Amino acid sequence: MAVLVILESEAGQIRQASRSAVAAASKHGEIDVLIAGDEAAAQAAAKLPGVRTVLHAPGKEISEGLAEPLASLIVASATAYDHIVSASTAAGKNIMPRVAALLDVQIIPDVVAVVDSDTFVRPIYAGNALATVCSSDAKKVLTIRSTAFEPVPAEGGSAAIVPMPAAPASDASRIVSVTVAQSERPELDTARIVVSGGRGLKGSEAFHDVLEPLADRLGAAVGASRAAVDEGYAPNDLQVGQTGKIVAPELYLAVGISGAIQHLAGMKDSKIIVAINKDAEAPIFQVADYGLVGDLFEVIPQLTAAL
Amino acid sequence: MKILVPVKRVVDFNIKVRVKSDGTGAETAGLKMSMNPFDEIAVEEAVRLKEKGVATEVIAVSIGEPKAQDTLRTAMAMGADRGILITTETSPEPLAVAKLLQVIVGRENPDLIILGKQAIDDDMNATGQMLAGLLGRPQATFASKIEIADGRAEVSREIDGGVETISIALPAIVTADLRLNEPRYASLPNIMKAKKKPLETIDAASLPVDIKPRLTVVSVVEPSERKPGVKVASVAELVEKLRNEAKVI
Ligand SMILES: Cc1cc2nc3c(=O)[nH]c(=O)nc-3n(C[C@H](O)[C@H](O)[C@H](O)COP(=O)(O)OP(=O)(O)OC[C@H]3O[C@@H](n4cnc5c(N)ncnc54)[C@H](O)[C@@H]3O)c2cc1C
Ligand SMILES: Nc1ncnc2c1ncn2[C@@H]1O[C@H](COP(=O)(O)O)[C@@H](O)[C@H]1O
């Protein structure tokens, strides 16, 4: 049978997390994708390998990603599909449970492994347990944890693009403003190296003057603990953890981060973990491949200089 | 304006939960239980709206074992006016929770429902969106700021890459993120007062809602442990290891 994958685009490119969702979906049969937004996004979707048809929903409301019109559109297209899949991004988490409810289906969020067409593995309790669940619903609505699936390439396919009707206009929900931080650094969820800072940095100046030069030297993305975000050292979208971003880079450096379970939930699948902390007993050292006990204000500038 | 706040009793956030040796679930017996942290934030927001004169009544509702009444008492000690407990023997999934909440919404007609964004036990992050879908009402998830005016809520939401502000027509559903507010501690006099606030108990079985689970748990296992690491003595040693042993830089 067929799968519908809901894609997200950014500047005319399909987001890597969405390409991971396509990879996860490829186990369930023919793949159609639904993309809301401009023509360039639809063209990019058509190039994904393995995609049969692109359902393209133009229109402002839809491209802004408001949950109500997009969920209605997905539900209206759902009849032909057994599985409806998206990445576990902020947008996926916002929309897909609404879709599931409208279809009278229990959503299965944050899938990290596909066992068969009804059975999926997902983390619970901040990743301290992995549950394998089997769904009895006729349709499965899933979100995919992108760190667990190698994304399909951006190019290679040539799918047909089918336009969808525009969503009915509604004043029930509208966008007032969107503030997206511009950064030259790689994106946190897909970077090869992540340098994360915690409360140990003691201020946004240190975040800027001590941590960021290290990240730049390594070509790394910058992440943060909740404490660092709450204190205003870093913007909210840099939070790594159970309730923030989930990352699994080749190298993760935790600087002045104690290693609370909620933080570990977001990074413990990284390939190599380095912890730099002045407290030798900090729990972060229990997951670190390499631990360095020391004052970050001395260690980090030295490390930056040594690279 | 009436606000409904669903609150869930969960294992305290400080506790690292272990898996039962027979692989059927997480071992929760004897562990400290608390209100889901995001629900504390939701209650706090509702109570602040009441203190500002925007809301007139705050109703907390919990679904679960009879002990969930402790969670409702906590919500009332924080300032909720009354509590509704829907008792169930099993722990219902978000779809079932949303359907039970839909019944309460039908009875109480709240103008605003504030839920936590995520329960820290099942990590579903779904109930608010599902309830909004069932009710056909607008939703604003992952809220870091809520302002109510002219029959609408203006909500700032934490999204990938930044912050988005949307305006939704009431009645509506909002889910609370970490930075919406810092919840208060209930004072002793308020804890005493909360004991006298009304708490209604309803048996889920008496409601016209099918709460049978849709997901069967096949197994629950511990994630694979990381192999123990080493401590390095200096920056030079760290760089050497990263270059030559781990080969990641
Ligand atoms: C519902 C909920 C959800 C949460 N979600 C998340 C989440 O998604 N992500 C997350 O990160 N947290 C989350 N948390 C918070 C989590 O419990 C911790 O409070 C948080 O991770 C702590 O951040 P931290 O390690 O930066 O701060 P702290 O725990 O205060 O640790 C600071 C560390 O810095 C070290 N240090 C201080 N000075 C120096 C120095 N000069 N040199 C070297 N080291 C130094 C200290 O030894 C200490 O270990 C959540 C909590 C709750 C309740
Ligand atoms: N059993 C429950 N009783 C009351 N509220 C609940 C229950 N389960 C979930 N919720 C609400 O839904 C939110 C999201 O939960 P979840 O979708 O399970 O992650 C929680 O923060 C609560 O506000």
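Predicted model: local features only at pLDDT ≥ 70, side-chain atom pairs only at ≥ 80, totals over all residues.
Residues are numbered from 1 along each chain as its sequence is written, while chains are lettered from A and ligands numbered from 1 in the order in which they are written. Local features need pLDDT of at least 70, side-chain atom pairs count only at pLDDT 80 or more, and totals for chains, interfaces and linings use all residues; side-chain values use heavy atoms, with hydrogens and water left out.

Select ligand 1, which sits between chains A and B. Show the 30 residues around ligand 1 (a heavy atom within 4 Å); those that come nearest are Arg199(A), Ser225(A), Val240(A), Ser258(A) and Asn277(A). By class, the shell holds 10 nonpolar, 14 polar (Gly among them) and six charged (Asp, Glu, Lys and Arg) residues.

Next, display the polar contacts (N or O atoms within 3.5 Å). The side chain of Ser258(A) places an N or O atom 2.6 Å from an oxygen atom of ligand 1. From Lys202(A), a polar side-chain atom is 2.9 Å from a nitrogen atom of the ligand. At Gly244(A), a backbone N or O atom is 3.4 Å from a ligand oxygen atom. On its own, ligand 1 has 980 Å² of accessible area (Shrake-Rupley, 1.4 Å probe), of which the protein covers 87%.

Colour the helices (DSSP runs of H or I, at least four residues). Two or more shell residues come from each of H7 (226-230), H8 (261-267) and H9 (296-306) in chain A, and from H1 (37-51) in chain B.

Finally, move to H2 (residues 68-78) of chain B, where the buried residues (under 20% relative accessible area) include Ala68(B), Thr71(B), Leu72(B) and Ala75(B). Just after H2(B), Gly79(B) has a positive phi of about 135°.

Methods. Polar contact = N/O pair within 3.5 Å; in protein donor to acceptor, adjacent residues only side chain to side chain. Buried < 20%, exposed > 50% of the residue type's maximum accessible area, 1.4 Å probe, protein only.
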